[in-house]
Amino acid sequence: MKKKKRGLTLEQKEGLQGYIFILPWLFGLVAFTAGPLLFSLAASFTNYNITSRMDFIGFDNYIRMFSSDSLFWISLGNTLYFVVFSVPLTTIGAVLISVLMNQKVPGMRVFRTIYYLPAVLSGVGVYLLWMQLLSPNTGLVNTILSWVGIQGPAWLFDPNWTKPAIIFMSLWKVGGSMLLYLASMQGVPQSLYEAAEIDGANPFRRFWHITLPMITPIIFFDVVTSTIGGFQVFQEAYVMTESGEGGPANSLVFFNLHMWNKAFVAFDMGYAMGMSWILFIIVFILTFINLKLAPRWVHYEGGK
Amino acid sequence: MSIWNKSYYESVKVKKRMSNTIIFIVLLAGSVLLLSPIWWMFATSVKDMQEIMAFPPTFWPNDWYWINYPETLKAAPFIRYTFNTLFLTMIAVFANTLANSFIAYGFAKIRFKGREVFFAILLATMMLPAFVTMIPHYVMFAKLGWLNTYLPLIIPQFFGGAFFIFLLRQFFRTIPNELTEAAKIDGASHFYIWARIILPLSKPAIATVAIFTFNGAWNDFIGPLLYLNDESLYTLQIGLQVFRGQVSTQWNYLMAGSLMVLLPVIILFFIFQRYFIEGMNLTAGSKG
């Protein structure tokens, strides 16, 4: 009796310690994730401007977004354009390169280093570099194109070519996910390939029927994360256009750039937080669809 | 039957060697393409403007203006920016390795009620775009009077990041439970086990977190852009953006500045690349 009443059981003590260890994260979850999410949801129904006013205005922000803010639709379109092209291109590119690298070619480790290097470089320096590389007359990209007889476009100065320019730039960093694919390909049991070879399967069939199914979990992970990442495209447009204005003919006004300008230039914060919830909902729906579609094509070994 | 005959094997070998040669050449060409921007950045940084504007452009500079580098350093307080950036980066590395390994230990090695639910929430937060919470963060830090200080860039780092917690938890789980159980029987507390057993055994994973954090903090642009106004607080990324406004299209100075900002990352990458690759293997391994 006495023992039972005094203090906690061993199991409870253990459990308490568990909470102590995850406490910093729990605090962060409330203070930096859940709280801000709720605040922005509530504030999106107000005309909040951070300093003086915060009046409830119902769905006005959302109505304004959908009916009278043409930049909202332009920014959404620009962002979708970027995601629709950059996600498949970088995924396919990364898979192809890792397949090549997975053949026991001499110097593989050196190649791996070289291909990965651009992925660790980021920030303003990289954007400035690409502005120079994409310079219409004297940049490296158009110089190389001219060798094969192609007259390169004006890239960042031509509204039709600004987004392809940004997508092109993202392909330079394809080595980041390449490394993920390579790591997972090296985990494919060699015996599978040997068996297939004895059965007379050619390299293409071996790729299609062994390598590809085995790396589908990584493709899935890559597609989900790069879709979410794609919707956050911002810095490229902010740095590579004059003072974040969004390039010629608004062609680089991405969703987050528009949101940024609404929040921190116009201080139309209630409206901007409404936009952030639209972004949240879009990303949530796409992730949900991805998760639902996954069982149809993602191959988990041993039904894990 | 002919599979086992010698000439078949020979032909397979020859074919294999040929396809390997082709792959080698393709990869080599790709390497040249991928590295050429970095060479171009360097070459541009030592040219004068006349040569940069000349057509056709030169791959190997005619004249080498090393003076562009001291000129660039003179044009903006890059030394100051470097110290600021280093300060923020070091704190970020310290905070992230400490907090994330602590939290990850709880998820990996202690049984408690609701652990799986909390871990699922943690995974879900990885899917949350950072821009969704950015404006409320700004409002919160503004109300706390933290604008134009380093606090908004430092304090949140002490509460862990979902991806790093996930990564470290995966690694900690590969450390046999017998080790921690044995220590517990000897009367060791979880705090002791975390600090004295798990951390020393997890150096590669901790190094991976440190290196990713360094890279992220060094390259962080949005945070400093949002929170810092005083030039004396600027980091290299903001400094570079401001510098660009000053020298506009002086590409030699811009490339010299960019290269100086990128160089520490490039050097670090070559020294510690195995930790980058380790991080990728951990991520890939846990998804497969």
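Predicted model: local features only at pLDDT ≥ 70, side-chain atom pairs only at ≥ 80, totals over all residues.

Chain B averages a pLDDT of 91, and 96% of its residues score at least 70.

Which elements of chain B mark the two ends of the mean pLDDT range? The lowest mean, 86, belongs to helix α14 of chain B, residues 251-287. The highest, 97, belongs to helix α7 of chain B, residues 151-154. For the complex, the predictor reports an ipTM of 0.90 together with a pTM of 0.91.

Now the domains. The assignment for chain B gives domain 1 as 2-45 and domain 2 as 68-287. Taken over C-alpha atoms, the centres of domain 1 and domain 2 of chain B are separated by 37 Å. How many residues does each domain put into the contact? Domain 1 of chain B supplies four and domain 2 of chain B supplies seven. On the domain 1 side of that contact in chain B, two residues are nonpolar, two are polar and none is charged.

Last, the contact between chains. Here 70 residues of chain A meet 76 residues of chain B. Which element gives the most to the chain A side? That is helix α2 of chain A, residues 10-43, with 17 residues. By class, the side of chain A that touches chain B holds 47 nonpolar residues, 22 polar ones and one charged.

That's what I have; questions are welcome.

Technical notes: Residues numbered from 1 in each chain as written. Chains lettered and ligands numbered in written order. pLDDT = per-residue confidence, 0-100. Helix = DSSP H or I, 4+ residues; strand = E, 2+ residues; numbered from the N terminus. Domains from an automatic or database assignment. Contact = placed C-beta atoms within 7 Å. Nonpolar A, V, L, I, M, F, W, Y, C, P; charged D, E, K, R; others polar.
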